[in-house]
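Have the model open while you read.

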Amino acid sequence: MREATDPDLLIEALGRATDHAPFLKWLAEREPATAANAAADLNDPLQAILRDLGDRPVAERLRIARRRLALLVALGDLSGSYAFEKVVATLTAFADHALDTAIRTAIEERTPGAAPVGFVAIALGKQGSGELNYSSDIDPILLYDPDTLPCRPREAVEDAAVRIGKRVVELLQARDADGYVLRVDLRLRPSPEITPIALPIEAAIGYYESQALAWERAAFIRARSAAGDIALGERFLSAIQPFVWRRALDFGTIAEIREITVRIRDHHAQGQAFGAGYDLKRGRGGIREIEFFAQVHQLIHGGRDPALRAPATLDALAALAAAGWINADDAAHLAGAYRLLRTIEHRVQMIDDRQTHALPTGDALDRVARLHGLADGNALLDLLRPQVERVGRIYDAIEPERDTRLPDSDDALTAHLHAAGFNQTEAVVRRIEHWRSGSYPALRSPPARGALEAVLPQLCEAFGGAPDPAAAVARLDTMLARLPSAINFFRLLEAQPSLTRLLATILSHAPTLAEALGRRVELLDGLIDASALDPVDTVDALAGEMRLRSFDGDGYERQLDHVRRIVNEKRFALGVQIVAGTADPLAVAAGYARVAEAAIVTLGEAAVAEFARKHGVVPGSELVVLALGRLGGAALTHASDLDLVYLFTGDHGGESDGDKPLGTVLYYNRLAQRLTAALSVATASGPLYPVDTRLRPSGTQGPLVVSLDGFERYQRESAWSWEHMALTRARPVFGSAAARTATQRVIDTVLAGARPERDVAADASAMRADMRAHKPAQGPLDAKLLDGGLVDLEFAVHVRQLVHRTGFSPDLPTAIASLASAGLLPPAIGAAHDFLTRLLVTLRLVAPDAQPPAPPTQALIARALGLADWAAVLASLGATRQEVRAAWAAVCGDDA
C-alpha cells in the first residue's frame, strides 16, 4: 500500500481536479507552485499558503492565501492525504486566522499602536465546531467591551465598534481578481433586523439570559471564541453557559425540542427525496439530521453531563454513545455517513466554489462523481443511498408521536383549508399552530396573535386560491420568522383583501420579492394604490419625488433614507408587475433603469452639496458620472448592480475654495467615495445598489476618478478592446448639460476610430472563452451566460460596432436594428435580444438560481414571454441560442 502523500496520488488527484472541476482548474492555473509543492506543503498547509506574500495589503494577502488553501486542501482531500477531520480542521484554522487578522487590522488602521482588545468574534455553526465547509460562509457574532475597545478621540464607542465590524467584513468579503477570503453572515446575532452588527457584551448576555429561543440554544452548542480578544469571548460564553446547558429539563424545553424536530423537515421540503437534486444538507437522512440528532441529545442530557458538550458532531456522537444515551451502532453509522455526506458536499462545492449543498443533475452529477473517483452519477447515488436511508430511519426515532386526530379547532381548520383549495394541509396546519403559539418574535404579544386570528380566514382563502399554496405559506412563514413586529402587517391585509390575494401570488412565485418583504414588510404598503402597477415615471419626475424639500441639520442622512424608501418601493412594485402579469419585462427593465438613474441624480446632487459645505467647489470644474453596462443601456434587472465611472471636468491642478480646501484630484476622489457610499451603504431604510467602478481607466489599479482629458487620452491611447466594448454602452447620467455633452463627444470620437488598432474580434473571442471558463452558466436557464445567451449576443454587437465603426447606441435594440439594416447582423438578432432580456429579467425574480421552477411558475414565465406554455419557452430558448451562436460565429469565425 502506497503512502497517502505518494506523489502519484497527488498527480492523479490533480488530474481529476482539472478535468472535472472548473474552479480547481482555475486555481491550478493561478497557483502552479502550490500544485507542484503539494506533497511537502500538505504537512503544514497554513505556513505554506502564507509564504512569499511580501508586504502586500492585508486583504490581498488573505485572498491569495485563501486561493492557495483551496487548492492545497482539495488536493489533500482528493488524494486521500487528508482525512475528513483534517480537511475541516484546516479550513477552520484558516478562517480563524483570517478573521483574527481582519480584526487586528481594522483596529490598527483606526487606532495605530493600540492593543487589539475589546472586540471579539464568537464563531457559530461549522466554524465554531471546527468543521467548516470547503466553500462556506462564517457566522460570527461580533461583541465588544465598551470599557476596553480602542476608539478615536471624541468617538462614541458604539460607533467605533460598528466601524470596526464593517471593516472586518469588507476585508474578508470584498472580491477582486484574486477572489475573496470568506463570506460573512452576521444574521445569527440577536434581532439582526434592528441591532447593530457589533453588540456590547453585557447587552448580549442580557438577551441570551432572558429572551433567546430554542434554536439559539442549539446554535450555541457549537459556539467558540475564535478571533480578536479571545479572553473577552470566553468570558461571554462562560456567562451564558446556564442558558445553553440547563440542568433541569422542564416540559417547555421538551416541547421546544419537539417543535424543532418537526419543523426541520417541513420547512425544507424541497430536496428531501433522494436522487439527483437531493439536498445533502437539508434532505431527509442528510447532514443536518445527523447534526440535529446529536444536538437534541446534547440539549437534553448535556446540562448534567459536561462530557457531552462537544462542539464537533463526530465528537458529540462518540460522547453520547460512550455515555449510553444513543445506540453505539447508530452512532458509528451516523459518524460514517456524516464523513461521506460532508465529503460529497465538498466535491459539489469544489466544482464552482459555490455554497451549494444539493446534488446536481445530469452531466453535472457525473462530474461530481468522477471528481470523487467514481464512474458516473449512478455510482455516486448507489454509494450514498444506503447511508441516507439509514440516517433517515435513525432520525425518525426522535420525532414525537403524532396524534392523527387533531383537536376540534384543528379539524375545523383542516376542513377550511380543504375548502379553500389546499391539497396538502398537514404542514399548513402545523405552521398555523406554530404561529398561534407565539414562537416568533413578531407573534409573542397578545395583540399580535389577536391580529393574526383576525386575518387567518382571509389568509387561508387567498392562499388556497394561489398558484402554489404550499410555497406561498412556506415563504410567509419565513417572512414572519424575520419580522420584529407583524401587527400592522396583519391589519393591513385584513383591511385590503385584494392585497392579500396579491401577496399570495407574490409568495407563490417570487423568492426575490418574498425575501425583500421579509426584510421590509412595509414594501407591501406601496401596493395599496392601484397606480403602483403603472409604468414608473420619467427620470426627472422620479428625481423630483426623491428630492427632499428641506436639507438642514441631518438633511443629508434623511435624504439617503428617503431615496432608499422610494427606490425600494419602486423596485418592488416593478417586480410585482411581472408577477401580476401587468407589464412587459422589457418595460420593467427600462423602469428599473430610470429609478436607478433618478437615484444617482438625486444622491449626486446631495453628495456634491454636502461635500461643498466643508470643502467648497473647484472653480470651473464639476463631477460627471458615466453609466455603463445594463445601466448605460437603460435596461436593468431586479438584481443588477450599477457600473459607474467617475470623471471631472477642468484642470486637474486646481484647488477647491472652501474652508478646508483640497486639490482637485483629491477633492473628486473623496467626493466620488461619498457618492458611492450614498448609493450603496445600507441605512435604517435598507440597502440600495451595489456599485461597481472597475470599468474605470486602469481598473482597480487606477484612481477612482480621472479628469475628462485623462479619460480621453486613456481611451485614445491605452484602452483595451474590452474597455472599448464597454464604452459602446456608456452614457453620461450626472453632470451639467454642458459637461454631459463634452463627455459624450469624447465617447463618440473614440468609438468613431480615435483609438488603438486592435484585433477586436480575436480579443473578444479570447475574453469570452475566459468568461466561459471562470464564470460558467449558473443553470440551464441562465439567459445571460449560456452559450448563445445575452453575453454572446452583446459581444457580437460590440465587435461589429467597433470593427465597422457604425451602429453606436447605448440602447442595444437601437444598435442591433442599425447593424441589421447595414447587413452586419441577421435581422433575427433583434427578436433574440428581446426574448433573452425578457427571460433574464423575469428569472431574476422567480428563479434566480436559473433552475427550472415549479410548474405554476413555469406558466408565469411563459405568460411573461408571450408564449403558450413551458414547452414553448424551452423551444424558443433553444432556437434563440442557435441564432445567437450562429451570429457570434459569423462575427469571430474560428475564434468563436
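Arg51 is partly exposed, at 36% relative accessible area; here buried means under 20%, exposed over 50%, and partly exposed in between (1.4 Å probe, protein chains only). Keep in mind that this is a predicted model, where local features need pLDDT of at least 70, side-chain atom pairs count only at pLDDT 80 or more, and totals for chains, interfaces and linings use all residues. Residues are numbered from 1 along each chain as its sequence is written, and side-chain values use heavy atoms, with hydrogens and water left out.

What does Arg51 meet in a salt bridge? Its partner is Asp41, at 3.0 Å from N to O; a salt bridge needs a side-chain nitrogen of Lys or Arg within 4 Å of a carboxyl oxygen of Asp or Glu. Arg51 sits in the loop between helix H5 (45–49) and helix H6 (58–78), while Asp41 is in helix H4 (residues 38–41), ten residues apart. Helices (H or I, at least four residues) and strands (E, at least two) are DSSP runs, numbered from the N terminus. Asp41 is buried, with 10% relative accessible area.

## Other salt bridges

Asp96 pairs with Arg224, and their closest N and O atoms are 2.9 Å apart. Asp96 counts as buried at 15% relative accessibility, and Arg224 as partly exposed at 25%.

Then there's Arg235 with Asp145, 3.8 Å between the closest N and O atoms. Arg235 is partly exposed at 41%, whereas Asp145 is buried at 9%.

A network of salt bridges links Arg30, Glu31, Arg67, Arg68 and Asp178. The overall count comes to 45 salt bridges.

## Two buried residues

Is Arg189 buried or exposed? Arg189 counts as buried, at 9% relative accessibility, and lies in the loop between strand S3 (183–184) and strand S4 (198–200). Not counting residues up to four places away in sequence, Arg189 touches Ile141, Thr195, Pro196, Ile197 and Leu199, where contact means heavy atoms within 4.5 Å.

Over in helix H7 (residues 84–110) you'll find Thr101, buried at 17% relative accessibility. Leaving aside neighbours within four places in sequence, Thr101 contacts Val58 and Leu62.
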